[in-house]
Amino acid sequence: MKGLIIKPHWADLILSGTKTWEIRGKRTEVRGTIGIIKSKSGMIYGTAEIVDCISLHGPNDIDMIMENQLKHHVPLGSIQYLKPWAWVLEDAKKFPEPVPYKHPQGAVIWVNLPEF
């Protein structure tokens, strides 16, 4: 299983079910269950399913970003990616207690996790 490293504020919104689009600068081919890791914590806080990846850098990109504000919660001026993508998340589940994992040196976005 893959673990996605996310800043704590955004991870909390994902795990509460409030944030269903994670905005990133590249598309992902990853689909299925992933662990949600709060950056610099050494802990997995829950899981979510990546079900799709949507381009947000076409001719209607600003309209699409604005129309879906409640899915990603990122202010328009804060999106710094030249070619943003929405990683579509569903079925977020917060663990009752966070689970520790061993963070490999240099991992910034993804971590390979054991199945649990």
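How many aromatic pairs does a search of the whole structure find? I found 1. Rings of Phe, Tyr and Trp (its six-membered ring) pair if their centres lie within 6.5 Å; planes under 30 degrees apart are stacked, over 60 edge-to-face, and the rest tilted.

**Entry 1: the model.** I am reading a predicted model, where local features need pLDDT of at least 70, side-chain atom pairs need 80 or more, and totals for chains, interfaces and linings use all residues. Residues count from 1 along each chain as its sequence is written, and side-chain values use heavy atoms, without hydrogens and water.

**Entry 2: the pair.** I looked up Trp 87 and Trp 110. They are stacked, 5.6 Å centre to centre, with 10° between the planes. Trp 87 sits in strand β5 and Trp 110 in strand β6, 23 residues apart. Strands (E, at least two residues) and helices (H or I, at least four) are DSSP runs, numbered from the N terminus.

**Entry 3: cover.** I checked both rings' residues. Trp 87 is buried at 4% relative accessible area, while Trp 110 is partly exposed at 21%. Buried means under 20%, exposed over 50%, partly exposed in between (1.4 Å probe, protein chains only).

**Entry 4: a charge.** I found the charged end of Arg 24 over the ring of Trp 87, 5.5 Å from its centre. The test wants NZ of Lys or CZ of Arg within 6 Å of the ring centre and within 35 degrees of the ring normal.

**Entry 5: strand β1.** I turned to residues 2–6. In this strand, 4 of the 5 residues are buried. Leu 4 stands opposite Ile 36 in β3. In β6, Leu 4 has Trp 110 as its bridge partner.

Terms used:
Two strands pair if DSSP finds at least two bridges between them.
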